[in-house]
Amino acid sequence: MSASFVSFDELRGRIRAAVEAAELPAGAPPVYVIRNLFGTVGISVSDEFEDDETLRDALDRLAVELHRRLGAHGRPAERLLLWVWPDLLEVLGAASQEIRPGVFLAERLKVCGDWWSLNGQRREGRAPRYTLYSVKGGLGRSTTVAALAWHLARHGENVLAVDLDLESPGLGPMLFEKAARPRFGVSDWFVEELVGQGELLLPDMVANPAWAADLPGTVWVAPAQGRDPGEYLAKLGRASMATASDPWTARLERLLERLEVRLEPTVVLLDSRSGFHDIGAAAVTDIGAEALLFAVDSPATWTGYRVLFEHWKALGLASRIRDRLSLVSGVTPETGTDRYLTQFHEKARHLVRDGLYESDAGGDESAADQASNGAAERDALHDPLVIHWSRALANGAALRSLDESVVTPAYGPFLRRFDRLHQGMGGPAIRRTGLGAVRAG
């Protein structure tokens, strides 16, 4: 390997060093160091300051330093600096981080940009939203959406369940025969909304599962696909379209608000796409939802969540989002359960402590210790909501005829824990009896 090789992972440190060496003047306007889609680096500054000779000289020094330090990820110094309209700089803010006072590292990304922001706030006085998310697929999120909707409606809640796993639709096929599905799906709305027709689809976007007919509450399901998927791949390629003025997160929020105004649910469940795609990012970070993070005790799971948690920590977002997260032990095995959960709990404790809390002496070390070792062990983030593997639910066929005999063996511990979480979000208190659970009051 060439001695001049500079890897992508080295860039952040080298950019910081270049900024320090350039000695930008005090009081300089914001400087954006931009990593573009190809991973090469440039500088952008508002053209309002283009006539400032002192600033121009300092930026020329910075361009030389970046070219010298970044290898193939740099550009010739004379092509590094771009003076731009102030409005264009606002577009960079969503995926940027201040790396030195007044200097921001901005990412131009094709995907994953929503993991850089945390815009959604808890929805005080409105129907709480819960996002069911996982870094790996196959952990039972869709099954859990159905079971949780059944449980909540059984206790009088009006539940809206939305399938956002557009690339691997689950709720529609699992819950309905084809003829019983709504005419349109979530994917149709995102495509038709691009040409101003989204509102026309809303009356034909939800259906009620047969098992919900006799429950005290109501369940509406908005599946990813409609009754006839049609040109689904062509629609899927357009469903996540976004512009600078109308990002995908804003479009998702608009869809949810339209459905909530129309149906008036008391709780909203979102079956998110797995992995690091922006659909999952938006559902976790930007719509004010509580996030249930599904996991199994495997290296792939812990590595994936460590990447995500440490990313939030590096951006200074960890302290703002950790109170909205809950880990879920999905498909907990039938045998060796106690040992499995002990191992899961210990690995989750380390993950949370190291990934979501500061460890320096002046930071949140005492809070991290309390969260992982202290009196608040019960219901702490690393103390998982437990779902037991169920043979009856394994192939999804039972989801069209849910009842207590199917749900309780797999979801009893999960639902007890969820009820406490939901009550804290303004949901009803559930009183447990020897015959099961009843809604208090």
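The protein has 15 helices and 14 strands. The structure is a predicted model. Of its 441 residues, 53% count as buried. The accessible surface of the protein comes to about 20,300 Å², and carbon and sulfur atoms account for 50% of that area.

The contacts show how parts of the chain that are separated in sequence meet in the fold. Taking contacts between residues at least 6 apart in sequence, 75% join residues that are at least 24 apart.

One place to look on the surface is a patch of negative charge. Which residues gather in this patch? They are Asp51, Asp52, Glu53, Asp57 and Asp60. One of them, Glu53, is found in helix 2, which covers residues 53-69.

Now turn to Ile321, which lies in helix 12. This helix covers residues 318-321. Is Ile321 buried or exposed? Its relative accessible area is 1%. A residue counts as buried when this value is under 20%, so Ile321 is buried.

Which residues are in contact with Ile321, leaving aside its neighbours within four places in sequence? They are Leu118, Val284, Thr285 and Trp312. Thr285 and Ile321 are 36 residues apart along the chain, and their C-alpha atoms are separated by 7.8 Å.

Definitions and conventions: Residues numbered from 1 in each chain as written. Predicted model: local features only at pLDDT ≥ 70, side-chain atom pairs only at ≥ 80, totals over all residues. Heavy atoms only, no water. Helix = DSSP H or I, 4+ residues; strand = E, 2+ residues; numbered from the N terminus. Buried < 20%, exposed > 50% of the residue type's maximum accessible area, 1.4 Å probe, protein only. Contact = heavy atoms within 4.5 Å. Areas by Shrake-Rupley, 256 points an atom, 1.4 Å probe, with all protein chains shown as cover. Patch = residues over 30% accessible without salt bridge, like charges linked within 9 Å, V, L, I, M, F, W, Y side chains within 5 Å. Salt bridge = Lys/Arg side-chain N within 4 Å of Asp/Glu carboxyl O. Lys, Arg positive; Asp, Glu negative; His and termini not counted. Charge placed at Lys NZ, Arg CZ, Asp CG, Glu CD.
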